[in-house]
Amino acid sequence: MKRYFLLTLSLLIALSLAAKVQDDGRTHVVLHTTKGDITLALYNETPLHRDNFIRLVQTHFLDSLLFHRVIKDFMIQSGDPTSRHAQPGQHLGAGGPNYTIPAEIKFPQLYHKRGALAAARTADQVNPERRSSGSQFYIVWGHDYSTEELEATLKSIAEDTGRQLDYPEEVKKDYYKHGGTPSLDGAYTVFGEVVDGLNVVDKIQCVQTDYADRPIDDVRILSAEILGGGK
């Protein structure tokens with residue numbers, strides 16, 4: 001009887017989790033990595049990036065790729081196809097699917113809080129439209145901030161870059177509570193967030209890296225899959 005109850009309870013929990021994925025109206029993707037699973041929710045507000053990431057997953061483009069660039073207290077980056085069979089010490093970060101995606105920068109609605117999923121891109125000097133890489137992405141870790149530290153950081157960003165962004169109080173509160181990387185706001189497309197597995201992101205951002213920010217011991221996306229949800 002107890003066993004039956006436990007099985008029934010497990011089934012109900014599974015059904016509840018499945019319903020949660022579908023009810024939020026977002027497509028969910030799981031990255032199975034050598035450090036554990038990271039579950040991402042893709043934003044409907046950035047449909048070009050959402051649909052592109054879905055295609056990357058469905059065509060197994062991300063399978064076996066490395067997190068080729070990792071910077072502690074900043075972010076972890078993947079999506080370079082040349083990393084799949086990379087040799088130790090090989091310089092990485094220039095690979096992609098030979099297309100770019102128009103920017104879908106939606107600040108302050110979408111911003112670089114801890115766990116944000118965003119698209120990498122080339123620099124403004126060669127990419128003034130801030131078009132995104134067709135495959136390279138990063139997941140934000142960032143810093144923890146006190147009220148005073150965040151205000152000073154935002155002021156410094158405005159002075160250094162000329163980007164005077166208007167931060168709503170709820171966005172500031174999120175940075176106070178969870179941390180992130182506001183220096184990237186308004187400049188890169190944020191198109192999703194981690195909904196489970198932030199502890200795995202933490203593990204990855206703490207690994208030892210070389211002079212090029214590549215992990216000494218490879219950290220790899222073993223595979224990626226769509227969990228469900230709508231568009």
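The largest cavity of this predicted model has a volume of about 60 Å³. A cavity is a set of points, on a 1 Å grid over the protein atoms alone, where a 1.4 Å probe fits but cannot get out. The volume is the space filled by probe spheres set on the points, which are joined across faces, edges and corners. The structure holds one cavity of 30 Å³ or more. Lining residues, defined as those with an atom within 4 Å of a point, are His49, Asn52, Phe53, Leu56, Ile101, Ala119, Ser133, Gly134, Ser135, Gln136, Phe137 and Phe191. Helix α2 contributes four residues, the largest share of the lining. Six of the lining residues are nonpolar, six are polar and none is charged. In this scheme Ala, Val, Leu, Ile, Met, Phe, Trp, Tyr, Cys and Pro count as nonpolar, Asp, Glu, Lys and Arg as charged, and the others, Gly among them, as polar.

Residues are numbered from 1 along each chain as its sequence is written. Local features need pLDDT of at least 70 and side-chain atom pairs count only at pLDDT 80 or more, while totals for chains, interfaces and linings use all residues; side-chain values use heavy atoms, with hydrogens and water left out.

Helices (H or I, at least four residues) and strands (E, at least two) are DSSP runs, numbered from the N terminus. Strands β3 and β4 (residues 75–78) pair in the antiparallel sense over four bridges, where pairing requires that DSSP finds at least two bridges between two strands. Arginine 69 has glutamine 77 of β4 as its bridge partner. Three residues stand between the strands of this hairpin, in which aspartate 73 takes a positive phi near 60°.

A cis peptide bond, with omega about 5°, joins phenylalanine 107 and proline 108. Proline 108 belongs to the loop between β5 (100–101) and β6 (116–119).

Key
On a 1 Å grid over the protein atoms alone, a cavity is a set of points where a 1.4 Å probe fits but cannot get out, and a pocket is an open set with protein on both sides within 12 Å along at least five of seven lines; lining residues have an atom within 4 Å of a point.
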